[in-house]
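This report describes one protein chain for a reader who is new to structures. Please keep the sequence and the model in view while reading.

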Amino acid sequence: MKFTPNLSKFGSDDVIVSIISSYDDFVMDGAQYQISFRVGAEISSESGIYYINWDITETKFDGTNEVLYDPPPKTMIEIYKTEKVFLTVDNIPNIEAGYTSIPIRINAPFSPFEQVIVSI
């Protein structure tokens, strides 16, 4: 079954949004019960509540024309326009001179869709 996302906004359509499912490619088979996807908006997009409407293309079983699945309900997303990106940093251990540290994770809970460059 292939899912096709269609974006709509309550009021205006002045938004450019990317909806990406790089792992699943929006395809779900009999062994899966969920798919993963990311949503990102262009920096020029207006803040607001948006909805993803889903269409499905179902591969029918041989000898049947019956549609077995309905598309999922709308998925609500919110675009919040801000210039600030908040980062959290894992605990940084003490490092002796001449040695290197283990990798230190930096997380952005509400990250921008494009890259973030952190300079130290």
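## Contacts and overall make-up

In the protein chain, 55% of the contacts with a separation of 6 or more are between residues 24 or more positions apart; contact means heavy atoms within 4.5 Å. The model is predicted, so local features need pLDDT of at least 70 and side-chain atom pairs count only at pLDDT 80 or more, while totals for chains, interfaces and linings use all residues. Residues are numbered from 1 along each chain as its sequence is written, and side-chain values use heavy atoms, with hydrogens and water left out.

The protein chain has 0 helices and 7 strands. Helices (H or I, at least four residues) and strands (E, at least two) are DSSP runs, numbered from the N terminus. The pattern along the sequence is β-β-β-β-β-β-β.

Of the 120 residues in the protein chain, 17% are buried. Buried means under 20% relative accessible area, exposed means over 50%, and partly exposed is in between (1.4 Å probe, protein chains only). The accessible surface of the protein chain is about 10,000 Å², and carbon and sulfur atoms hold 52% of it. Accessible areas come from the Shrake-Rupley method with a 1.4 Å probe; for residues, only the protein chains shown count as cover.

Strand S4 covers residues 48-57, and its side chains alternate. Gly48, Tyr50, Ile52, Trp54 and Ile56 point to one face and are buried.

S4 pairs with strand S5 (residues 75-79) in the antiparallel sense, over 5 bridges. Two strands pair if DSSP finds at least two bridges between them. Gly48 stands opposite Ile79 in S5. The charged end of Lys74 sits over the ring of Tyr51, 5.5 Å from the ring centre. For this, NZ of Lys or CZ of Arg must be within 6 Å of the ring centre and within 35 degrees of the ring normal.

## The nonpolar core

In soluble globular proteins, nonpolar side chains tend to be buried together. A nonpolar core is a set of buried Ala, Val, Leu, Ile, Met, Phe, Trp, Tyr and Cys residues joined through side-chain atoms within 4.5 Å. The largest one here has 11 residues: Phe3, Ile19, Phe26, Met28, Ile35, Tyr50, Ile52, Trp54, Ile56, Ile77 and Ile79. S4 and S5 are the elements that give two or more residues to this core. The largest share, 4 residues, comes from S4.

## The aromatic pair

The structure holds 1 aromatic pair. The ring centres of Phe37 and Trp54 are 5.3 Å apart and the planes are at 65°, so the pair is edge-to-face. Rings of Phe, Tyr and Trp (its six-membered ring) pair if their centres lie within 6.5 Å; planes under 30 degrees apart count as stacked, over 60 as edge-to-face and the rest as tilted.

The pair links distant parts of the chain, 17 residues apart: Phe37 is in the loop between strand S2 (17-20) and strand S3 (38-41), and Trp54 is in strand S4. Phe37 is partly exposed, with a relative accessible area of 31%. Trp54 is buried, with a relative accessible area of 8%.
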